[in-house]
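Here is a set of questions and answers on how two parts of one chain meet. The sequence and structure come first.

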Amino acid sequence: MTDRHDYHVNGPLPETPDNDATAGAWPKTTVIGSRRSRVDAYERVSGTAVYPHDVSLPGMLHGAILRCPHAHAKVLSIDTTAAEKMAGVHAVITRATPGTDIPWYERGGTFSSTLFDATCRYAGEEVAAVAAETPLQAADAVRAIEVTYEVLPFVIDDAEALAPGAPAVHDGGNMVGEPRLRERGDLAAGFGEADAVVERTYRTECQIHAPMEPHGSVARWDGNRLTVWDSTQGVFPVQETLARVFALPMSNIRVIGHYMGGGFGAKLETGKYTVMAAIMARMTARPVKIFLPREDCFTATGNRPANTMTIKIGARSDGTLTAIDYHSLGAAGAYAYGADTSSLAVYLYRCPNLRAEDVTVYTNAGKARPMRAPGFPQGAWALEQAMNELAAKVGIDPIAFRLQNLATELQSDPPMPYTSYQLAACLENGAAAFGWQEAAERRVTEGDIRRGVGAAACFWGYAGGPPSTVVVKLFADGSANLNLGASDIGTGTKTWAAMIVAEELGVPVDRIQVENADTATGQYATPSGGSKTVPSDSPAVLAAAAAVKRQLLGFAAEQLEVEPGDLEIRDGEVVSRSDGEKHLAVTAVEMLGRRGLIMGTGYRDPNPEGSVTFPCAAQFCEVEVDTRTGEIRILRFLGAHDSGRVLNRLTFDNQVFGGMAMGIGLGVTEERVLDRRTGRMVNANFHDYKVPTILDVADSHACLAIDVPDEAFNSTGTKGLGEPATIPTAAAIANAVADALGIRVTAAPLTPRAILEAVGSQGKEA
Amino acid sequence: MSRLISFVLNASTVTFDVPAGRPLLDVIRGDADLKGTKHACREGDCGSCVVLVGEPTGGAVRYRAVTSCLMPVAAASGCHIITIEGLDPGRIGPLQRPFVDEGASQCGFCTPGFLVSLAGHLLNCTTWDVGPAFNSLAGNICRCTGYASIQRATARILGTLRHRVDLDEPRFAALVREGFLPSVLRGARALALGLEPSTDTHGVDRPVAGGTDLYVQRPDDFSFADVALVPTRRGGIRIEGGEIVFAGSATAEDMKRSRELAAELGDMTGAMDLMGSLPIRERATIAGNFVNASPIGDMTAMFMALDAELELVGDGGRRALPLRSFYLGYKNLDLRPGELIDSIRIKRRPGLLFNFEKVSKRTHLDIASVNTAAALRLENGVIVEAGLSAGGVAPVPLALVGTEALLIGRSPDAETAWAAAHSAAAEAKPIDDVRGSAVYKRLLLRQLVLAHFQVIFGLADELVEVPA
């Protein structure tokens, strides 16, 4: 069983209750847009923040999971006798255990597996679980379980998965659904008009989310009420899944995720481990904690799929694009997922003639999951390199070439306007701030150490929407409590939310207590992911604060004998705009004192109809390439980002730099390596899987926020940032490396080996 | 069995009745219930579990940042252990403030490890420049920030201390004075100095020194064991007549810091910084690197080029063995049951020119695809002594004896460099594996041998073109 949604709300938007009051756009802001450190800063730097990984309860047992070592196998028998007799072992569960026949991996309303499937479709699939007094006892017991497998032929290569006679991952062939085909215009005619055409096949490798906090949960039953501490991006979907699994009212399930150590998409779904912990906790009447070892986090919690993308793109000699033919093949892994990458090719540039096809296949490997801008960094890797190559062919500067061809509306049928779309500013202002021309002139294309510049552009095809509910309470002493459902996955959700309340109510940020991510005490929010938390939840925060303000000013107006519309809040005082003599400290509003508090509820309004909203960005970098060793040094990076209004400039900049590092990983250092003989991941640890370190990122970082509020989209004028921060990065590096070397390395990651081999073959050609 | 193990934990002395081999991490998070120290890999690769281990020696305490997941608690006996809670002054202090102001904590899970690693750097650094500070943070992985904010925060801290603390004054006291360490730690440090130097660390089950490989490869064999500590950092590196003598338990950081070694072989900082991360180098021993028998051990390659001799001690007494004879096949050593490498000796050769090169997917915190070391000596402009090794190109660490012979009597010019590079590539017997194809590794070795000549002899332009 998987959750109803990842971070998209599927189907029609839910009915949104009317807001009590709708705040107007701020004419000028004092808190919003400033650089604010986090409201929970002390907890973070003192080690006192309690993550789910830190939760330890009296009597708590520790769980461990037995995983299939084969890429494809039938489970013939499981003997748990020895494991059950081991010291400290309290529970062993397998597919034979009553209550474990839980459907899992849903797509399109059907489930393709169960909690413990009789067929294991990748090396790492769950076969059994144990709860014991200590983690090592649980691990020992897992090793003592004897499983007889019938080992089946497997396929791990995406291209081979479609070959005739390839082992079938599921009945019915290895294609996941139908290919997604998007077409417009006349492709042949488009290429006929072209004076220049480039065509290449690009490849990105499988990237792992690798958040620092491992995946895991602690489950505790009180009678038929279940409390779960979960390292999750969204507590509500976990609540919903657990309620269904255990056939309990949602009100009996409490999921808490106050702190969580990163997710990047891997913690959007309910984990099997959560359900296993809850099952064993019920069996033993003891709390059970399951946190996955790092190896399992690498193999079994999702990934960004590898993609092979062939793009053919043509332009007239004046630089006008005439045709794009795009084909993408991606591997879902063992369970259904759409490994599509074509959206940038379809929409980023104005091109009347287009054919874009996305094919996704099953393989006997860990399942893909949404990972920070699913499909987009891969698509940018192909499209943005092709754009550079084509620009060179028609003799136009790559920035100018992009500007010339930018789509200014969504090329749907019929076309739709963007609410606000500042990609031209990202490219132009970004290039100016980066010093694009000067950097290009510093290019070094000979000698051992080459130097080049590169850029890439993008949009991100999602901007959030309802539902979201937020409650703000103003206490009699003028301090406030803010209650929202969203998880703060490291992006600073709690802080910008407090800043909005501070801006609207004039309460200092340090007098606002934020509660979040608790299904029992919190309001409803969809999971934090897809760069949608700010644009989905910030309008609800504003509406809640505005509802408090409307009531407060109403009470004050009676007391001051003025119209409420004449009042505003300034430095803790309610002040009449027309008569400066009439003012009142907020704490002196009688009704506030008599009631004890004023509560405001805010809901996210529906998105506007007939338009579409995308955040967008352009990134620029300068690199050095050592042609003797193949090593790349990234000298500097600049990200120019349109994410609508900037709420917190500090976290905005840092989010951009974090996205760049993940893009450096995709482009330069990271790749999942599967053993072709066994199908197992051979680099499932932080030593062999290369997450960039402090020495691998750019020597210098800059962020240019375009900061144009998208007022047509929502009341705060905000769009998201997390995904666009990482979409163009790898492509920009690839363009810079190609600029330095004069040759294009089409397959990521650009490891020393890849560079050295390319340089070597260049020597041969010369 | 368990033992009573005492140490100073942050501000007070603690005693735990635990197996000597239990990882310090588990004692801190479990027995001591301090959850600020995180762990995200238990393999020493992520830095979330870094703590400071202060070892009293001769009236001083030297604090090292180590990954607590790989350290047996017995090794903490008699030491001063500082965790993130120990660095917390109960408010946002001067160490933490720049991290807060720069937003250097996003999801926050890595933050304690970064702050502790940084505190370790501040206690030991010999310059306030940012470069070495970033190096000392290279063992800490952050997946959120992209490190820019951490770099800014670190630069601010160093900038403050540059003006307030003299590099020569007693560092611990200075950092307490400036508020970068809570003042309560001063008394705790004194407590540690007053502890009896621990002798009760010699268990019976199995020996462990740094543990940085053993605890990754066989954690279950050690976590419950009454481990016998091979004391690290005792003996160190010294000159004995015509030889440089290394204790088998000397660590990679000992090599980096040794003035004696630098005087003989030149500054080792660059070479050693390529090996693992600081918290690993602080614990990883030379002997451990040898007996781990990785075909690509960095220190193994270095000592092979230096033609080191091992002194092995076991039940049968002492025996000497050239390192070059130690490797019989893949992970197969000339090491008898119960034998330990007691010391390692290399001949002092005035004028010896030493260089180490390695390339990996990521420059730091990585196992090399290929590594190589060169030790050359010239007389009258020609090479009279040549040691050349390569790792990652054969089932065992390889001494490139054919290339060594080829070099003797030649002048160190481009022609010689190319001849050596081709010869080395021909001598290598690499296989295709996760670190690269055989063709690639051969190519890499050739380039790295050229790099030796570039670095040692300053050849540069001459090596650009491939001669026909």
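**The interface of domains 2 and 3**

Q: How much area do domain 2 of chain A and domain 3 of chain A bury between them?
A: Buried area is the accessible area (1.4 Å probe) that two parts lose on being put together, summed over both. Of this area, 62% is on carbon and sulfur atoms. For domain 2 of chain A and domain 3 of chain A the value is about 1,700 Å².

The model is predicted: local features need pLDDT of at least 70, side-chain atom pairs count only at pLDDT 80 or more, and totals for chains, interfaces and linings use all residues. Residues are numbered from 1 along each chain as its sequence is written, chains are lettered from A and ligands numbered from 1 in the order written, and side-chain values use heavy atoms, leaving out hydrogens and water.

Q: Which residues in domain 2 of chain A lose the most area to domain 3 of chain A?
A: Three residues together account for 33% of what the domain 2 side buries. They are R107(A), E269(A) and F298(A).

Q: Which residue forms a salt bridge with E269(A)?
A: A salt bridge is a side-chain nitrogen of Lys or Arg within 4 Å of a carboxyl oxygen of Asp or Glu. Two salt bridges are counted between domain 2 of chain A and domain 3 of chain A. In the one with E269(A), the closest N and O atoms are 3.4 Å apart, and the partner is K367(A).

Q: How many residues of domain 3 of chain A are in contact with domain 2 of chain A?
A: Contact means heavy atoms within 4.5 Å. Domain 2 of chain A supplies 19 residues, and domain 3 of chain A supplies 20.
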